[in-house]
Amino acid sequence: MKQTIVRNVAELPTFGFGPRSGPWWGAMGFMALEGMGFAIAIGTYLYLYAVNPTWPIGASPPDLWPGTVEAALYLLSIIPNEYTNRVAQRQDLPRVRICLIVMSLIGIVLLVLRGFEFAHLNTRWDNSAYGSVVWLILGLHTTHLATDVGDTVVLAVLMFTHHAKPRRFSDVTDNVFYWNFVVLAWLPLYFLLDWVPRL
Amino acid sequence: MAADDRELRDESLDGLQLSAQLERIWRTPSGLLGALMSVDHKVVGRRYIVTAFAFLLLGGILAMLMRVQLAGPEKTFLSPDKYNQIFTMHGSTMMFLFAVPVMEAFAVYLVPLMVGTRNIAFPRLNAFSFWMFLFGGCFLWISFLLNVGPDVGWFAYVPLSSLQFTPTKRADVWAQMITFTEVAALAVAVEIVVTVFKLRAPGMTLDRIPLFVWAMLVTAFLVMFAMPSIMVASTSLILDRLVNTRFYDSSSGGHPLLWQHLFWFFGHPEVYIIFIPGTGMVSMILATFARRPVIGYPVIILSLIAIGFLSFGLWVHHMFVTGLPQLGAGLFTASSMLIAVPSGLQIFCWLATLWDGRPVYRTPLLFVLGFIAIFVIGGLSGVMVASVPIDTQVHDTYFVVAHFHYVLIGGAVFPLLGAVYYWFPKITGRMLSESVGRWNFWLAFIGFNVAFFPMHILGLIGMPRRVYTYTAEMGWERLNLLSSVGAFIFALSFALLLANVIYSLRKGARAGDNPWNASTLEWATSSPPPPHNFDRIPVVKHRDPLWADSESLPVVAGLSAERREVLLTSLAEAEPQVREASPEPSIWPLLTAIATTVFFIGSIFTPWAVLWGTPPMAITLIGWFWPTGSREDEA
Amino acid sequence: MPVRVRTALVFLATWLLAACSGRQSALDPQGLQSDQIRHTLFIFLIIAAIVWIAVMVVLGIGMLRRKRASNQPLDLDRRFEEGSGRLILGLGIATVIIVLGLSFVSYAGQRTVFAKDENALTLKIIGHQWWWEVHYEADSPHQSFVTANEIRIPTGQPVKVELESADVIHSFWVPSLTGKMDLITGQKNELQFTAKNAGIYRGQCAEFCGLQHAHMAFAVIALPPDEFGRWRDHENQSANSPADPLGKQGEDLFRGRGCALCHNIRGTLAGGQLGPDLTHVGNRTTVAAGTLPLSPATLGAWIADPQHIKPGNLMPRMPLQSDELIAIIHYLEQLK
């Protein structure tokens, strides 16, 4: 077919931040479907809660401190996370490096805490349907946590190599965005796991 | 932030020179390794389509085996054990390995062309998705050939599928096949959403998006919100079987109905995941062969969205006979029937389009007409099964078998066959034979109805589903024999299609860019399209760009001619925003898929696979995302 | 239509539909509930037929009518576009009205079908892979008894069945009397129905329940109330003691060869609980959960090789001499 050039896009940038970039929308899509996964897991918990006359079944509720400490740490981590976002937008490489290291360390601390939380659930996965569903939900969230920590560590290493090109700053902001999702997902799960059995 | 200005841009090249240059940077590398590295949406899409059709062939052979067994009373052609494996494999193959993947496959091939871009969003994820689908399908079928094929139905109800009643690996194979195909489907869904949101050609505002693309967008959202439910379900089933969790164990606080809720919360939208793309194909074919745009473009889009929302509110109609509260069940009757409204609106729009058009009766249109006749029957019998009292009689009988084959074959496979005739010239550069196509259509139409219409009556006169045989005194044998005859006629139509495809690939007439004189962008490029799809990205000024600008296509210039670059545009107005790099071919998606396959299959044998299976996956993923130092990566 | 074609079509239809009004058919209702359901079904069917024919007529006319003159795809007639838009909207509203109307028809039918009667005769039915355990319960334990695979009920009186499962999910379905209801592990469901006419109505498991799902049938025998009362009194009694030597030999063999480990025969030492109760098996109409009609020959074939008739079922094949087999058959037959 014959063609007529009607405009020129040569002056456009070669990467963008947030909704202007493709990967941001990809992260958004995965968050939507993973969020749905959490919603289904919560629904499963509530269904079992509704059909069982006693809850928790044959166990005492989880010890409060690991989940609570995690919740606090998650909320506090938003501050360095948002700072990471800002320095990445400014393409400030030295600060981005420091921030990524900090965020990696926070993630690792949270993973360790998560280990304690499993140990303090006061039930095993094979005790009852209650035990099964709390292990499932905690496992699901831990998978997200571990994935994002892994991603943060890899990005941190990447930013110390010669690949630390401008486009990578957009990847850093997407990682920030995903971390906020991991934090936000934890809050209802924390309430569900630690407080609903005490209602 | 623009890349350095010495870069070679497309405006400094012309015609053949530009074509050749773009082809050089976008083509799939040669050789076997190159083929395994391909991230071209057309290459992956073609593989996806061919693989899905191969599974259709396998699933169809199983259907024929069942029809032989049921052709007469008390036949011993299949043992009960084989029969149960076969009907489970038939359902699982058709739903998870054919219907959903084939629709996504067409989208992988067509959506980037229809929205006027060079590649799908996340091309490596796309390649990964295909490998996962292929490996998952092979895993299921190899298990079946080794006599560990699942035999608990495509719905795998607990407790039948629990370790106690299925102590073999058969139910694990089923559950893990689900995980494979869901990973594949979810990946494609995200790619399609981002492709439609961000990669549309400049000027393709929301109200200029082709209807097939709209349909696939809605489908992609349905996949994203429905499939997590079956992922949770299949994971918990495997955990129950493997590490003794108690999700479905009624003696430890679990409940078998939890499974049914989770399964059908996915399972009902699943029907629309299959059907909505079919409606998109119908709208495209109808516009081209009625020689006018489809009437009610906004009505059709709103209907698609309404169907999407409603489809999440009616899963309970699969559970009317499980003893749920009566009033609740009655409300689900109403919500289930309401979906007839948006479906009906689409039918009315299509009828009006034909009424006003100047129809050209080529094979694709024949299949669309067949679709209308069959699908309306399926929709109406759907209204019947939505009624609680009627459902208590017909549930789990051949009436329901008839109903959903009318919906799925009528609503999805007929449009799909039309789509094969319609887009084959674009994909291969050659036309399918029209005279064979007519035979194909009539055999399919007659065979289908002879095979499935009698099943309505069989269900009403008492024949339940999933029985491997019946006695002569039940009075079901003649209708069953008729149905089997019809099934073989229907199968013959697919044999004709296969022959037509094989013949036409070599001897078919050359297609040219736009053999049907259609209106959408995929017809603006050559057949088959070059690796980069378009020499220059089109600018869209009309809903039917090739009808509105039939002389000369408006295009943009300024994209790189020395590295892979796609144009990102804004969500609503499709204003150009960014020239983003698009990934190069890579072997890592395949390696990641292999690592994931090892992880998935290993984990049905030992929970330790989660430990030793994770590092290879992590390593391959890092390899996938680690920059290679090429210009694409370093922009 | 030429007469010959018409004759051929009529012949074809009768040939295909022969035995359509069988003993297991939703189209041949013999109960209050199945009658109501068929009524609802026919209302839906008529409306569906009208809608489909209307769509096909419009499609046909649309294909045949003279077309507009312009062959430019975008050269559209504004008046037609707007008019058809309004028409489509109107048809959409009509669809809403039809759908809501049908919802009400459906709900009215549902209320009738699921209406409960407090004075219903209550039975408990427990589904097993692949047979039915039936409990007749009464206020006095002396009036309560267990049987299997055959349910006798009085005509004209509401019957309530309480449904449970011993293993996987099954579904209780007697289409001639009413719609189905699942038997779900760990849950109690119930279903009520009333037989209008005396007769034998076949039922069958409708939820896939494993290898022999196809052979999990049963019979509901509706009797006039007084006849039912006599049957019930008789069924409540212990099993007959065999009068002749062959029968006595059969009774001994039944115990000695392991049958009694799984089957219960009230009033004898056979007290197994795994398989169907056989106290009055001689009165039943079928063997192996509705798989074969009961006769000495079928009973013999079943006992001689249960895995041949119903592969995978839980009844093992016992090595028996042919005279031993004859004795057991004779014993079971006289358990009337």
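In which sense do β1(A) and strand β1 (residues 552-557) of chain B pair, and over how many bridges? In this predicted model, the two strands pair in the parallel sense, with 6 bridges between them. Strands are taken to pair if DSSP finds at least two bridges between them; strands (E, at least two residues) and helices (H or I, at least four residues) are DSSP runs numbered from the N terminus. Within the pairing, B:Pro554 of β1(B) is the residue opposite A:Thr4.

The contact between chains A and B involves 48 residues from chain A and 59 residues from chain B, where two residues are in contact if their C-beta atoms, placed from the backbone, lie within 7 Å. On the chain A side, at least two residues each are supplied by β1 (2-8), α1 (22-51), α4 (129-159) and α5 (166-195). The largest share, 15 residues, belongs to α1(A). By class, this side of chain A comprises 25 nonpolar, 16 polar and 7 charged residues; Ala, Val, Leu, Ile, Met, Phe, Trp, Tyr, Cys and Pro count as nonpolar, Asp, Glu, Lys and Arg as charged, and the others, including Gly, as polar.

Chain B is also in contact with chain C, through 75 residues of chain B and 74 residues of chain C. Elements of chain C that each give at least two residues to this side are α1 (3-17), α2 (32-64), α3 (78-113) and β7 (178-183). Of these, α3(C) gives the most, with 17 residues. The side of chain C that touches chain B divides into 41 nonpolar, 26 polar and 7 charged residues.

Residues are numbered from 1 along each chain as its sequence is written, and chains are lettered from A and ligands numbered from 1 in the order in which they are written. As the model is predicted, local features need pLDDT of at least 70 and side-chain atom pairs count only at pLDDT 80 or more, whereas totals for chains, interfaces and linings use all residues.
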